[in-house]
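Biologist: I am new to this structure and would like to go through it term by term. Please show it first.

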Amino acid sequence: MLKPMAKNKSGLDAKHRSVIEAVVFLVILILIFGVLGHIMGGKNLLNTMMRTAHDLLLNTVFYLMGITVLAGALSKLLSEFGVVSLLEKLLRPLMKPLYNLPGVSAIGAVMTFFSDNPAIIALSKDKKFASYFKKYQLVSLTNFGTAFGMGLIVIFTMIVYGKLSAALIGLFGAICGSIISTRLMQKFTLKSYPEMDSPVIEETLEEQEIEEEEKKKEGLFMRFLNAILDGGKNGVDLGLQIIPGVLIITTFVILTTFGPDSATGLYDGGIGQGVPILPWLAGKIHWVFEWLFGFTDMKLIAFPMTALGAVGAALGLLPTFSAAGILDGNAIAVCTAIGMCWSGFLSTHTAMLDSLGYRKLIGKAIGAHAIAGFCAGVIAHFAWLLFALL
């Protein structure tokens with residue numbers, strides 16, 4: 001008699017795994033949106049999702065696209081006229097020991113400080129700029145640039161509501177956070193993908209000579225014009241690539257961070273409404289924020305929770321904190337550090353790494369930056385205590 005064929009154990013395991021994954025996913029999906037729909041109302045939930053995504057597309061994505069277009073043109077100009085090479089030589093002694101990055105990466109910090117996170121993508125896409133990096137260093141620019149995103153706006157806003165000294169201490173904390181985030185990202189990347197310890201672009205001497213010869217044939221005006229147009233075109237492409245990440249991730253963060261309409265206290269399907277699940281979870285471990293951040297009022301937790309998705313939205317909380325009398329020097333320092341370091345990384349890291357072609361590293365980038373932002377707040381708190389003693 002013929003013996004029955006042995007069952008493919010690995011095949012069965014794969015099938016079981018697939019079924020389990022599907023069931024677990026459906027349970028989590030139904031649980032999350034079931035809770036949101038029960039509290040907000042199914043119709044209101046759908047309307048809020050659609051309207052929020054539409055608002056993000058018009059008022060956030062196109063704003064970010066404007067940044068990437070201008071940043072792309074500027075980065076191309078800096079590369080074309082030798083500024084990138086000059087900065088590499090001048091800043092190498094500082095950037096290498098602190099961030100394990102080439103000196104040219106300092107441009108990224110400056111551009112994101114004066115604009116927003118996506119400005120770093122325009123630089124990363126520039127071939128001449130990228131040629132200074134190894135692959136694991138290039139992907140860590142996502143963490144490096146994000147830590148300085150909207151820095152100027154954050155600091156100026158904090159100065160209005162607090163003291164200059166507190167805002168500067170917060171800046172110090174954010175810089176420390178940027179070092180931690182960048183180094184952790186590099187460590188995580190090399191541990192999982194050691195093959196990324198290789199140059200991004202290897203240009204041969206012959207290719208460089210041909211490129212230089214072609215440039216000599218063009219006048220200064222044509223070089224300037226070609227640089228800004230090519231760089232701007234790259235910026236448009238990048239702006240389109242970040243749309244899925246910004247709309248999907250940011251919408252979900254808003255849905256789980258904010259509450260009903262502030263005027264009526266009711267859900268009506270308006271923009272930016274949600275169920276404050278993230279602040280509620282943070283409130284369950286309030287002692288962490290009291291001891292490590294020095295927060296005297298747990299309402300302040302809303303700032304770092306909101307900064308996960310959008311630091312601009314987090315800054316909108318400051319008038320309420322100020323009116324309540326809870327925005328002291330320590331709170332200004334800590335919120336500056338966290339707000340600047342995180343600066344909405346949860347909603348932009350996905351889009352940024354996806355546009356760079358390294359979607360597989362999104363989890364590592366988010367993990368490294370979450371740790372770094374937390375550390376930035378702790379450092380700012382203890383730096384403020386030390387400053388207060390002096």
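Biologist: Why does K134 count as partly exposed?

Modeller: This is a predicted model, in which local features need pLDDT of at least 70 and side-chain atom pairs count only at pLDDT 80 or more, while totals for chains, interfaces and linings use all residues. Residues are numbered from 1 along each chain as its sequence is written, and side-chain values use heavy atoms, with hydrogens and water left out. Buried means under 20% relative accessible area, exposed over 50%, and partly exposed in between (1.4 Å probe, protein chains only). K134 has 34% relative accessibility, so K134 counts as partly exposed.

Biologist: What makes the contact of K134 and D197 a salt bridge?

Modeller: The term asks for a side-chain nitrogen of Lys or Arg within 4 Å of a carboxyl oxygen of Asp or Glu. The side chains of K134 and D197 meet at 3.2 Å, N to O. The pair links distant parts of the chain, 63 residues apart: K134 is in the loop between α6 (127-130) and α7 (135-139), and D197 in the loop between α10 (164-192) and α11 (205-217). D197 has a relative accessible area of 40%, so D197 is partly exposed. The structure holds one salt bridge.

Biologist: How do you know that the length of helix α19 agrees with its number of residues?

Modeller: Helices here are DSSP runs (H or I, at least four residues; strands are E, at least two), numbered from the N terminus. The expected span is 1.5 Å times one less than the number of residues. For the 14 residues of α19 (residues 329-342) this gives 20 Å, and the end C-alpha atoms are 20 Å apart, so the two agree. After α19 comes S343, with a positive phi near 35°.

Biologist: Why is S181 called buried?

Modeller: The relative accessibility of S181 is 0%, so S181 counts as buried. S181 is placed in helix α10.

Biologist: What makes S181 and H369 a polar contact?

Modeller: A polar contact is a pair of N or O atoms within 3.5 Å; within protein, one must be able to donate a hydrogen and the other to accept it, and residues adjacent in sequence count only if both atoms are side-chain atoms. The side chains of S181 and H369 are joined at 2.7 Å. Another polar contact, of 2.9 Å, joins the side chains of S181 and N143.

Biologist: Why is the pair of F293 and F374 called tilted?

Modeller: Rings of Phe, Tyr and Trp (its six-membered ring) pair if their centres lie within 6.5 Å; planes under 30 degrees apart count as stacked, over 60 as edge-to-face and the rest as tilted. A search of the whole structure finds seven such aromatic pairs. For F293 and F374 the ring centres are 5.1 Å apart and the planes are at 50°, so the pair is tilted. F293 lies in the loop between α15 (286-292) and α16 (302-307), and F374 in helix α21 (residues 362-389), so the pair ties together parts 81 residues apart in sequence. F293, at 1% relative accessibility, counts as buried, whereas F374, at 28%, counts as partly exposed.

Biologist: What makes W384 and F387 a tilted pair?

Modeller: Their rings are 5.6 Å apart centre to centre, with 35° between the planes. Both are in helix α21, three residues apart, so about one helical turn separates W384 from F387.
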